[in-house]
Amino acid sequence: MKTFQEFVQLAERYYEPDEKLPSGKTPYEKASASSSKQHDRYFSKPNSERSLKDVQKLVKQSERTNQKVRHGADNPNFNLHRDLSGEVEISGYTDDRMRVKHPKSGVTFSISNTGKKTKDGKPVHDIEWYHNKGNTLELDDDERKDIIRSARDVWTNHISHRLPHGSVIRNFPISNYGSNNGEQRYTRAKLYSRVAGFGKRNDRTGYQFAGVGREPSPKQKERGRKRTYPMNSNTATSSVFEEFILLAERYYDPFEKLPSGKTPLEKAAERSETEYKNTKYGRGRQIRQRIQTKRKVLHGADNPTPNRHDHPDLDVSGGRNYIDIRHKDTGIHYNLTKHGETDDGKHVYDVQWKHNRHPSKMTDDERKQVARDAKNMWDTHIQHRLPHGSILKNIPIGNPTPENPNKNTRAKLYQRARFGEVGKFGRQFAEVGREPSTKQRAKGKKRLKPLSGDTEFNYD
């Protein structure tokens, strides 16, 4: 160790103020002794040798002892101390949120307190990062890799040691929607897991979690140890009201008995009364939970109208009898409109989708990519919003070629979503059932039941 500044960084990251150092002294005792030495050395000099620079050093040492050494490695608040290297700009409030901006790379991290806690009482913080390089889709591969490397370096050098000790951090990673392999890729989720020690992403809620421990020593870092450790996203959010809302909205009727013996409506009402009762967020969050109870829990899995709830990746609009959903990144647009009812009282909805690109200006690979995007959007954002017990109708537009005059790519796309075969009038039908559970989806079960295109419905 060469300077007092290095000692301050060690004390702040690895030790409590009253914890014994290898020398037998506590960090605070050692810092105070060093400050006293500098003080005695200064006043032992003749007046002619005393300089303003020496006075400034004494003041800085005193400030660092009080602000940083007393901060300690187990501090439950954000560390907002100025970065001595000058590489990043730090702002925020110690008990609420922190923002770290790296001007050179344009990368910014934002961490905020959600007001939620896990079952064992650990506070939960949301974390996200972004850059100022414009639309990622317009950047080349090298530029994207540079941004990822910059985000990694900012996290490692400037973020991890500033996190509140003993807390839980969560992240909602943005997907690389519509990748070439036809599946949603989550590069950011992998980056958080590899660099920041987050757990696996929860496919249902979209979140991934990590717990914050002590800062590892330099030797531990060399062996790959991180300050954060992966957490199971299911257990970490067991007390989060929003996860219960997702379950109730997708899989249960409002008055259906849960395994606990209560109905979703009873459980939601109880949580909205008690979960935030003794916190500073109590009243406002209690009101928001009651609103969610009315909008989503009362909605239920058997709701006969389209689900119009918001999503950060989508623009959602509509009314009782129709819904328009546009994906912001891909431009894929789905429309669901009520057309009538069958003789047995089932609602019939027309389903259509389109994109914002001209087919004549697209290559074969781009057309295939659009089809993949549409399929992914259906699986992720559309099918769970469909009205329960309704009949879906689609008239797919054909794309004939000289080699294959009956070619209809859209019809095949809908068939993969569990619509039936095209009938003699060019129509496809499907019946909407309950949303399958996570285990059922893993086994390939779909929400829709295919019906023949020649099925006769009287729905005028």
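User: Leaving aside neighbours within four places in sequence, which residues is Ile90 in contact with?
Analyst: Ile90 is in contact with Asn79, Leu80, His81, Asp83, Met98, Arg99, Val100 and Arg162. Contact here means heavy atoms within 4.5 Å. A heads-up: this is a predicted model, where local features need pLDDT of at least 70, side-chain atom pairs count only at pLDDT 80 or more, and totals for chains, interfaces and linings use all residues. Residues are numbered from 1 along each chain as its sequence is written, and side-chain values use heavy atoms, with hydrogens and water left out.

User: Ok, and where is Ile90 found?
Analyst: Ile90 sits in strand β1, residues 89–93. Strands (E, at least two residues) and helices (H or I, at least four) are DSSP runs, numbered from the N terminus. Ile90 and Lys101 are eleven residues apart in sequence, with their C-alpha atoms 6.7 Å apart in space.

User: How many helices and strands does the protein chain have?
Analyst: The protein chain has 13 helices and 14 strands.

User: How much of the chain is buried?
Analyst: Buried residues make up 42% of the 460 residues. Buried means under 20% relative accessible area, exposed means over 50%, and partly exposed is in between, with a 1.4 Å probe and protein chains only.

User: Switching to Thr108: is Thr108 buried or exposed?
Analyst: Thr108 is buried, with a relative accessible area of 3%. Thr108 lies in strand β3, residues 107–117. Leaving aside neighbours within four places in sequence, Thr108 is in contact with Arg99, Val100, Lys101, Glu128, Trp129 and Tyr130. The C-alpha atoms of Thr108 and His131 are separated by 6.2 Å, and these residues are 23 apart along the chain.

User: What about salt bridges, how many are there?
Analyst: The count comes to 13 salt bridges. A salt bridge is a side-chain nitrogen of Lys or Arg within 4 Å of a carboxyl oxygen of Asp or Glu. One of them joins Arg170 and Asp126, whose closest N and O atoms are 2.4 Å apart.

User: Why does that pair tie together parts that are 44 residues apart in sequence?
Analyst: Because Arg170 lies in strand β5 (residues 168–171) and Asp126 in strand β4 (residues 123–130). Arg170 counts as buried at 6% relative accessibility, while Asp126 is partly exposed at 25%.

User: Last topic: which residues form the positive surface patch?
Analyst: Lys368, Lys407, Lys412 and Arg416 form a positive surface patch. Patches are made of residues with over 30% relative accessible area and no salt bridge; like charges are joined within 9 Å, and nonpolar side chains (Val, Leu, Ile, Met, Phe, Trp, Tyr) within 5 Å. Lys and Arg count as positive and Asp and Glu as negative, while His and the chain ends are not counted.

User: And where does Lys407 lie?
Analyst: Lys407 lies in the loop between β12 (391–394) and α12 (409–416). Lys407 is partly exposed, with a relative accessible area of 34%.

Terms used: Accessible areas come from the Shrake-Rupley method with a 1.4 Å probe; for residues, only the protein chains shown count as cover. The place of a charge is taken as NZ of Lys, CZ of Arg, CG of Asp or CD of Glu.
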